[in-house]
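Me: I am new to this structure and would like to go through it step by step. Could you show it first, and then take my questions in turn?

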Amino acid sequence: MSFSGEVKEELVKLENDARHCQIAELASILLYSGAVRADVSGAGRIEIPSDAPLVAARCHMLLERLQLTQESGIQKDTNVIKKTLQTIKYREGDSIVNPLVIRSLCCKRACLRGAFLSTGSMSNPEKGYHLEFVCGDAQQAGQLVDTLAYYEIYAKVVTRKKYQVVYIKESEEIVELLNVIGAHISLMNLENLRILKDMRNSINRKVNCEAANITKTVNAAAKQIDDIQYIREHYGLDNLADNLRQAAELRLEYPDATLKELGGYLTPAVGKSGVNHRLRKLSELAEKLRGE
């Protein structure tokens with residue numbers, strides 16, 4: 001199962017005893033999934049999505065707890081449909097949840113939960129961070145953006161074909177959304193993945209940095225050896241001052257040694273900066289000889 005599916009599976013199992021929150025979540029599922037429609041006669045109709053079993057299961061559970069269903073089923077009983085639409089304070093032709101239903105913060109949470117169940121999806125966090133809601137129109141997208149902002153989650157909207165897509169890409173804000181809608185197990189799983197991902201990235205950065213430093217050291221040593229060999233052939237190491245001659249001979253003898261190690265081989269011992277100064281003088285001399 002995908003990570004997105006795991007989140008929805010967790011949300012479907014959540015217990016929600018407050019009636020006003022149940023109404024908010026039901027309204028969100030019905031309106032954001034486009035389940036509320038008008039039939040040929042103009043009467044209201046509610047279609048529970050059959051291609052999304054988790055959404056259908058949650059919807060039926062909420063209907064039962066709100067005592068809105070009958071044995072004949074919601075799609076066939078006009079009285080049940082009317083009562084349901086009255087309960088969620090549906091306004092004819094509206095595609096958003098009635099603001100009266102989501103006045104309190106707890107009901108806003110329930111609304112976001114219903115929206116994610118019906119239109120939300122999330123990418124595999126091991127590959128990247130992306131959570132989105134596919135909305136039917138700009139009104140729905142606007143309501144979602146405004147509701148998310150109550151929890152300092154700042155989503156963006158993009159048009160995709162005929163839909164308005166509300167999306168979040170910041171991992172911290174995705175974590176906060178999972179917390180808000182009550183997907184706490186999924187939140188912990190995501191945090192664990194984030195920690196592992198950060199650790200891998202940190203290790204990779206260190207390895208790359210060390211590799212770069214090694215490459216830089218090797219290249220510098222190769223250049224130093226090349227300069228010293230040129231000096232030996234065109235000037236002679238014996239003509240160098242004692243301190244430069246010692247540094248030159250040690251670099252030829254220990255081509256892989258670090259500057260600190262070379263300094264320890266000198267008598268008396270010299271620090272890293274002192275060795276670097278001598279090798280730089282040798283490099284300058286080699287360049288001068290090449291110029292001549």
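Predicted model: local features only at pLDDT ≥ 70, side-chain atom pairs only at ≥ 80, totals over all residues.

Me: How many helices and strands does the protein have, and why is it described as more spread out than a compact globule?
Reply: The secondary structure comes to 11 helices and six strands. For 292 residues the globule rule gives 19 Å, and the radius of gyration of the protein is well over that value, so the protein is more spread out than a compact globule. Along its principal axes the C-alpha trace spans about 110 × 35 × 30 Å. The radius of gyration itself is 35 Å.

Me: On which side or sides of helix α4 do the buried residues lie?
Reply: In helix α4, which covers residues 78-87, the buried residues are Val80, Ile81, Thr84, Leu85 and Thr87. They cover an arc of only 160 degrees around the axis, which puts them on the same side of α4. An α-helix has 3.6 residues a turn, so residues three or four places apart point the same way.

Me: Is Lys161 buried or exposed?
Reply: Lys161 lies in the loop between β5 (156-160) and β6 (163-168), and it has a positive phi, near 60 degrees, in a residue other than glycine. The cut-off for an exposed residue is a relative accessible area over 50%. Lys161 has a relative accessible area of 81%, and therefore counts as exposed.

Me: How many of the residues of helix α7 are buried, and which residues does Glu173 contact beyond its neighbours within four places in sequence?
Reply: Helix α7, residues 171-181, is mostly covered, with eight of its 11 residues buried, including Ile174, Val175 and Leu177. Glu173, which lies in this helix, is buried as well, with a relative accessible area of 16%. Leaving aside neighbours within four places in sequence, its contacts are Glu152, Ile153, Tyr154 and Ile168.

Me: What is the relative accessible area of Ile228, and with which residues is it in contact, leaving aside neighbours within four places in sequence?
Reply: Ile228 has its place in helix α8, which covers residues 184-234, and it is buried, with a relative accessible area of 1%. Its C-alpha atom is separated by 79 Å from that of Ile96, a residue 132 residues apart from it along the chain. Leaving aside neighbours within four places in sequence, Ile228 is in contact with Leu237, Ala248, Arg251, Leu252, Leu279 and Leu282.

Me: Which two residues does a cis peptide bond join, and what is its omega?
Reply: The place to look is the loop between α10 (259-265) and α11 (272-291), where Pro268 has its place. The cis peptide bond joins Thr267 and Pro268, and its omega is about -5 degrees.

Terms used
Residues numbered from 1 in each chain as written. Heavy atoms only, no water. Helix = DSSP H or I, 4+ residues; strand = E, 2+ residues; numbered from the N terminus. Rg over C-alpha atoms; globule rule 2.2 N^0.38 Å. Buried < 20%, exposed > 50% of the residue type's maximum accessible area, 1.4 Å probe, protein only. Arc of directions from axis to C-beta. Contact = heavy atoms within 4.5 Å.
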